Amino acid sequence: MSKDDELIAFIDFVYAAVLDGDLWPVVLAKLADVTGTMQSIIATMDRRTNNFDSISRRTIEELDASYKNYWAFHNPLWARSAALPAGAVYSLDSLMPRRDFAKTPIFNEWWKPADYSLAMLGANLQNDDQLSSVLCVVNAPGKDALTNEQTCLFEKAVRHIARAVRIHRQLWTLEHDRVTAVERFEGLRQGAILVDASANVLYINAPAREALDAGEGIALQGGCLTTTDGAGTLRQLIASCGRAIGPLRGPLGGEVEVPRGPHRATLGLVVTPLRAKNPGAEIPWLGLRLPAAIVTIADPEIQRRRLAKDLHERFGLTAAEAGLAAEIVKGDGRKAAAKRRGISVATARSHLSSIFEKTGTHRQAELVHLLLEFTSGTNTETSEI
């Protein structure tokens, strides 16, 4: 078979893979054959959630795991290639001089053990919204020079693979966007995080991002959601949501409380399974993962601050009065509320008199009932997830 015939057969496989994701490993194998390279890879870096995944013709389990968990985030080539537009072909030499790359830890501790030469070609298949997917091929050891034919064939292949990946992503997204309803998440006042069955974070809304940035209770570890107390309960609850529904499968999801140190309220996490009517295959190496669960965050401290703000806007309470009312709603009495606010009982009594007048209530029990109704009214959105 001539090179032209081989290229045409390869292109046929590329577009067949659009409708059959199981063919992508065959596409990569044929790409390596067509270009005369040892290795071919498609990899995706999601900087929003610090997730990396890849698919390749040739795999070495230990090296693949170390790259996914560490080296992908310490590879200088990623940052340099991310600045290039989709479809632009580059070589290792165009990203940085070989002598400089040969001095890097990744070259000496990962690249050389993987038996990669310095003859590498790559191209961004997509590069937007902090999500980038790359295609690259690498020569075998001892073949440190790329031929013009290799470069020409790779450039031709990139055009078709980039188009096929774009179509594949569009079809997949159309199928699964209606399941996750991601656009509704940003409107929620409660923190919400979409995760797959391995706790890889797929989407984080603004309140949840705020909780993650605070680093108190929850954190990201290798792109996966975890708790800062070191317990594995959250991961177990999330994993349960990936099980098939049926008898004897056990409960799916659940709740967990995470301690945050002395004099701090615990952080409440609720794991709720998500089920697609027609679930399809995940394509993690293109950044396409199916959500298995939604993790919602209940932070009593944030909720009290939010309630105080709402009470100020609704009833005209001062900051001090609103803060006390937000504590009163816990229902454990005026003295306990005053202690948490750091004020005397006499001051709390004075604030309460003003709160009664502004809210139209006359007794503490009546005020608590009003506040509970008010709280329920402001949180109805979270029940519609």
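Reply: Leaving aside its neighbours within four places in sequence, S56 is in contact (heavy atoms within 4.5 Å) with L28, Q39, S40 and I41. The model is a predicted one, in which local features need pLDDT of at least 70 and side-chain atom pairs count only at pLDDT 80 or more, while totals for chains, interfaces and linings use all residues. Residues are numbered from 1 along each chain as its sequence is written, and side-chain values use heavy atoms, with hydrogens and water left out.

S56 belongs to strand β2. Helices (H or I, at least four residues) and strands (E, at least two) are DSSP runs, numbered from the N terminus. With a relative accessible area of 16%, S56 is buried; buried means under 20% relative accessible area, exposed over 50%, and partly exposed in between, with a 1.4 Å probe and protein chains only. A polar atom of the S56 side chain lies 3.1 Å from the backbone oxygen of R58. Such a polar contact is a pair of N or O atoms within 3.5 Å; within protein, one must be able to donate a hydrogen and the other to accept it, and residues adjacent in sequence count only if both atoms are side-chain atoms.

A salt bridge is a side-chain nitrogen of Lys or Arg within 4 Å of a carboxyl oxygen of Asp or Glu. D33 is partly exposed, at 39% relative accessibility, and R57 is partly exposed as well, at 37%.

The whole structure holds 7 salt bridges. One of them joins E321 and K358, whose closest N and O atoms are 2.9 Å apart. E321 sits in helix α12 (residues 319-328) and K358 in helix α14 (residues 345-359), so the bridge ties together parts 37 residues apart in sequence. E321 is buried, at 7%, whereas K358 is partly exposed, at 33%. Helix α12 also supplies E327, whose side chain meets that of R340 at 2.5 Å, N to O. R340 is in helix α13 (residues 334-341), so this pair ties together parts 13 residues apart in sequence. Here E327 is buried at 9%, and R340 is partly exposed at 33%.

L311, in helix α11 (residues 300-315), is buried, with 0% relative accessibility. Setting aside neighbours within four places in sequence, L311 is in contact with G316, L317, A322, A325, A326, L371 and F374.

Helix α9 (residues 206-214) shows two sides. A208, A211 and L212 are buried there. They cover an arc of only 100 degrees around the axis, taken from the directions from the helix axis to the C-beta atoms, so they lie on the same side of α9. On the other side, E210 and D213 are exposed. The cover over the buried residues of α9 includes β6 (191-195), β7 (201-204), β8 (218-221), β9 (224-227) and β12. At the start of α9, a side-chain oxygen of N205 comes within 3.1 Å of the backbone nitrogen of A208. Just after the helix, G215 takes a positive phi of about 65 degrees.

Strand β12 (residues 293-298) pairs with β11 in the antiparallel sense over 6 bridges, and A293 in β12 is the bridge partner of P273. Strands pair if DSSP finds at least two bridges between them. In turn, 5 bridges join β11 (residues 267-273) to β10 (residues 254-258), which run antiparallel, with G254 opposite V271 in β11.

Taken over the whole chain, there are 15 helices and 12 strands. Of its 385 residues, 44% count as buried. Among the contacts with a separation of 6 or more, 58% are between residues 24 or more positions apart. The chain exposes about 19,200 Å², of which carbon and sulfur atoms supply 52%; accessible areas come from the Shrake-Rupley method with a 1.4 Å probe, and for residues, only the protein chains shown count as cover.
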